[in-house]
Amino acid sequence: MTMKKPNATYPVTTTSTPSPMPPQILDPSIRGLSFDQLMQNRGIRFIHKRAVPCPNIRSLDDNTHNPNCPFCDNSGILRYGEREIIGVFQSNSLQKLFEQQGLWEVGTAVITLPAEYEDGTQADFNTFDQLEVTDFEVRLWESKEFEPRNNNRQQLRYPIGEGGIDFMSSVEAGVLKVYEAGVDFNIVDGVIEWVTGKEPAFDTATEIGSVFSVAYFANPVYNVLQHMRELRVTQEMQPDGTKIARRLPQEIMVKRDFLVNPAEKLASAE
Ligand SMILES: [Zn+2]
């Protein structure tokens, strides 16, 4: 017995929907002129902080890092040397990432950056370097325990931006309390300053304060995961006919800091 062949015809429709996949993945970084134009049109400012392993460990034999390290907020990474640099988020980063590595992760992006800072010194990027976007803010959330301090101030993971605190609440004696800016707290130098008498409860017997959840606006911070290419160099012809080596713009893969390391940092010193 043979199966009947499918023979139903379907109506022909025209469509204007283009394929979601690009016909080719453009890599703007290889072409100097178009890369400069890309920077002018779509570049945004980053603060680049370089990274080294935190040296606050007892010995290299056991790598025991001081659990209350004040130098790296217990992240194990010491960051130094802030420099400003203009780079571009690749709009096709996700497709590109998917093609190159077969993974599609939330919070990762590819940023194209020039080989040099604006003053002509070489810019290089390494794993655990940080890039902070200074010109826009995103909404983040965080849970903390209230800690009484002499100056009544408490800091969040990131400095609170101009967008301020969107929402903050704790549960006090079974009731959800919402804290209002200007009434219960103020924002001073990017940290919370509780109004005396309005702060969350603190149990002096257990020395544990109420947990509060806060949504706030801050500049997004990205950690460098890896280079898409280790080192890119080309030859450049000089006017006198000699050739020199020149580094090309670089592509690096980054991930939002919040997603890399969700653990809360230790409370800062007062
Ligand atoms: Zn440390």
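Student: Which residue is the bridge partner of S170 in strand 13?
Tutor: F212 is the bridge partner of S170. Keep in mind that this is a predicted model.

Student: Strand 7 and strand 13, then. How many bridges, and parallel or antiparallel?
Tutor: Five bridges, antiparallel. Strand 7 covers residues 165-172, and strand 13 covers residues 211-218.

Student: What is the strand order in that open sheet of four strands?
Tutor: The order is 5-13-7-8, with antiparallel pairing.

Student: Which strands stand at the edges?
Tutor: Strand 5 and strand 8 (175-178). Each has a single partner strand, so one side of each is left without a neighbour in the sheet.

Student: How are neighbouring strands of this sheet turned against each other?
Tutor: By 20° on average, direction ignored.

Student: Now F167. Where does it lie?
Tutor: F167 lies in strand 7.

Student: Buried or exposed?
Tutor: F167 is exposed. It has 12 other C-beta atoms within 10 Å, and the cut-off for exposed is 12 or fewer.

Student: What separates the C-alpha atoms of F167 and V178?
Tutor: A distance of 7.5 Å. Along the chain, F167 and V178 are eleven residues apart.

Student: Switching topic. What is the order of the open sheet of three strands?
Tutor: That one runs 6-10-9, with antiparallel pairing. Strand 6 (153-154) and strand 9 (185-188) stand at the edges. Each has a single partner strand, so one side of each lacks a neighbour in the sheet.

Student: How many bridges join strand 9 to strand 10?
Tutor: Four, and the two strands run antiparallel. Strand 10 is residues 191-194.

Student: Which residue in strand 10 stands opposite V188?
Tutor: V191 stands opposite V188.

Student: Backbone angles next. What is phi of N152?
Tutor: Near 65°, a positive value in a residue other than glycine. Most residues other than glycine have a negative phi.

Student: Where does N152 lie?
Tutor: In the loop between strand 5 (138-145) and strand 6.

Student: Why does N152 count as partly exposed?
Tutor: Because N152 has 17 C-beta neighbours inside 10 Å. Buried needs 20 or more, and exposed needs 12 or fewer.

Student: And E207, what is its phi?
Tutor: Near 60°. Again a positive value in a residue other than glycine.

Student: What is the place of E207?
Tutor: E207 sits in the loop between strand 11 (202-203) and strand 12 (208-209).

Student: How many C-beta neighbours does E207 have inside 10 Å?
Tutor: E207 has 9, so E207 counts as exposed.

Technical notes. Residues numbered from 1 in each chain as written. Predicted model: local features only at pLDDT ≥ 70, side-chain atom pairs only at ≥ 80, totals over all residues. Pairing = 2+ DSSP bridges. Axes fitted to C-alpha atoms, helices over the stretch in contact; angles between N-to-C directions.
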